[in-house]
Structure formats: C-alpha cells, structure tokens
Amino acid sequence: MSTTLEQTAVPTGTWQADTVHSGLSFEVPYAVATFGGEVTDFDAALADGTLTGSARVASLKVKDEALQAHLASPEFFDVERHPELRFVSSEIRRDGDSIEIDGELTIKGITRPATLRGTIAGPAVDHFGATRLGLALQTTIDRTAFGMSWNMPLPNGQPALSDEVTLKADLTLVEQ
Amino acid sequence: MIRVLGISGSLRSGSHNTALLRAAAEEAPAGVTLELWDGLRAIPPYDADEDVVPGPPPVEQLRAAVREADAVLIATPEYNSSIPGALKNALDWASRPLATNVFRNKPVAVVGSSTGAFGAVWSQAETRKVLGAMGARVVDAELAVGHVEEKLDAHGRVADDDVRAGLREALELLVAETAPALVAA
C-alpha cells in the first residue's frame, strides 16, 4: 500500500542557498503598471529550523541607470549608510507544500516583523547527487515604515508610487 | 574641521539670503567653518551639448567646491513660488552625471528668506526635492525667514536672535549628518 503523508516538518540540518538558481526581487505598483527589480548579491541559509538571509543593496538592478542611482540614494535605500538588508525567521510553519515564515525584516536599518508566505518543494536529489529544497516566498511591506516615503503626484492627484511593495525570494537551498 | 559650503540662490549684491549665509558663518560652532561660494553668476545655462568631461570651468569649480566640502548650506529666495532659475541651473549642472554627482550623499540644509510673510517656503521645498532626486542627504532644517528686511540692521547684517538660532540649528543638523556611519546596517 502506498500512502502520501502530508509533510508538516521543516527539514532539519543546514541548507545553503545556491544563489545562481535563486532570485531576490521586488515589485511595486507605479502609475498604471507594476515596476520591478532584483538584487543579485545575496545569501540565504536554513539551519536548525531558522531561515536567514542578507542582501547587498548596492547590487539592486533596475533597467535605468538614473533610477538605480535614485534607489541607492538617501531618499530610498541609503546604500552608503545601510548597505545590507536582512531577514531572520522566528517561526516556520509548513502544511504540505505551503509554508509561512514569521521573522524580522531589516531594511535601511529599520527592523519590522514580517511574514513570508509561499510554497516549499522537496527535498529532492538533483542530477549531481545534491539534495535540494525549493522555497518560493513573498511578502508585502509598507515601504514608508522603512523610511522610504518618496512620491510624486500624478496629474489626477494620486501618488505615482505605491507604498506597498511586494518582495519575492525564490530560493534553491542545498543540503550541506 | 568640518567645512560647510554656503550657496546663495540670489545674485543681488545686497541679497538677504547671502546675508543669512554670512550670519551662519558667524554662528558656526567650534570646529566648523562656512565658506561662501560666489561663482553662481559665471555658471552658463545648462546645455547637454556642453555637458562633457571636463565641463565648463565655472561648473568644474562648483563641482570641486561641493566635492571638497563636508556639507552644504543653501539659502534661497523664491521667484514665482519656486526656485530661482540661476540656482536651479547650477544644481542641474552639479547633478551631472547623476549616478556619481558631487551632491550624492552630501549633507545639505536649505534655508530661505523673503520680504513677504512666508520666507520662501515653496522655493525651499522644491530645492529639497531637487536635491533629494540628486541623491543628497537633505537634513530637516526648517528656517523660513519672512519679512526679512525687518531682521537686518542698517548694515545688512542679520540682527534677529531667532534667525541666528535657526541658522545655528541648521549647522548643527549638518554637522550631525556628517558624522561617520551612524548605523552599521
């Protein structure tokens, strides 16, 4: 008899992000559409049931050089004073392939509670024999709570840039 | 020694805003010097065709003055509810190239005065907006000197204690912002 057991356990042991096969990005409603970018220099690990991650904000990439400079400036991330952003989990809840992770998110030197929600896949052995775990996570933050209140009014009086920003982490974690 | 560069948005020889900067130099706390930049008149109109390396000599002199300063104090009048053209033009030149411009991460305070009641508040707000877009570290100094001619003595020197206190406060905010790495991450 074969039985599919509903997994509720968070994998134990130590897992490090394979950053080539992982991504960290943001999306924010801007005017009539959604604008996004990604951070390329980051690391993440799941160790003893705690997920941690940090990213170098200077590696934030958007498609326009002037905009990238504005995002690095004191009006947004203030990269000179706050070069890193961080997440440290406090509790991970798994229900099958759904996962919720409570923790503290630090951006621009300001730490706020955040809950990441998404899916977990694996563990599974890859074609090179390594054991991988996939986490697709996202959360929505109010950027003004992290000291980023820049805006511009549209001709209709509405602000051009949403305060709500979705952060996404697509992580491939490799068992160490 | 912390070096503050004073930039007046007015070219007028008897400028009230230049008087504010002279008073700020007198009020500078120990360890702080304020030097007035007097090159505004020589800055040509911004022209992207002329925006090459090096730029026009007066522009390069402005860029060098800002680069060498630890902080900048701008005192601006208000023309038609906004920034005087000459000042905006100088900031536009200084902002190039945007990603590495000399105002990037530079602590800057904006103050202003007018002969009307409001003390150039709109011009100040727009100057702060421009500086923010340039990547400057704009401090929360608030000094809007209305009816400024009543606050100067017969020699054009600022004679008002509240205005002098406001200038001291602006300089103190600038000094605090020049302190190395306030927060590690």
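1. Strand β10 (residues 131-142) of chain A runs antiparallel to β11(A), and 11 bridges join the two. Within this pairing, A:Arg132 has A:Val174 of β11(A) as its bridge partner. The model under discussion is a predicted one.

2. Strand β11 (residues 164-175) of chain A also pairs with strand β1 (residues 14-17) of chain A, in the antiparallel sense and over 3 bridges. Here A:Gln16 is bridged to A:Val174 in β11(A).

3. Which secondary structure elements make up chain A? The chain comprises 1 helix and 11 strands.

4. On overall dimensions, the C-alpha trace of chain A spans about 65 × 30 × 30 Å along its principal axes. Chain A has 176 residues, of which 26% count as buried. Among the contacts in chain A with a separation of 6 or more, 52% are between residues 24 or more positions apart.

5. Where does the largest nonpolar core have its most connected residues? This core has 51 residues, and those with the most contacts inside it are B:Val4, B:Leu20, B:Val72, B:Leu73 and B:Val108. A second, separate core has 33 residues, including A:Ala55, A:Phe76, A:Ile101 and A:Leu173.

6. The surroundings of B:Val4 can be examined in detail. Leaving aside residues up to four places away in sequence, B:Val4 touches B:Val32, B:Thr33 and B:Leu34, the run B:Ala69, B:Asp70, B:Ala71, B:Val72 and B:Leu73, and also B:Leu171 and B:Leu174. Two of these neighbours, B:Val72 and B:Leu73, are themselves listed with B:Val4 among the residues with the most contacts inside the largest core.

7. How many residues does each chain bring to the contact between chains A and B? Chain A provides 14 residues and chain B provides 12 residues. On the side of chain A that touches chain B, helix α1 (residues 65-72) of chain A gives the most, with 4 residues. By class, this side of chain A has 4 nonpolar, 5 polar and 5 charged residues.

How values were computed:
Residues numbered from 1 in each chain as written. Chains lettered and ligands numbered in written order. Predicted model: local features only at pLDDT ≥ 70, side-chain atom pairs only at ≥ 80, totals over all residues. Core = buried A, V, L, I, M, F, W, Y, C linked by C-beta atoms within 7 Å. Buried ≥ 20, exposed ≤ 12 C-beta atoms within 10 Å, placed from the backbone. Contact = placed C-beta atoms within 7 Å. Pairing = 2+ DSSP bridges. Nonpolar A, V, L, I, M, F, W, Y, C, P; charged D, E, K, R; others polar.
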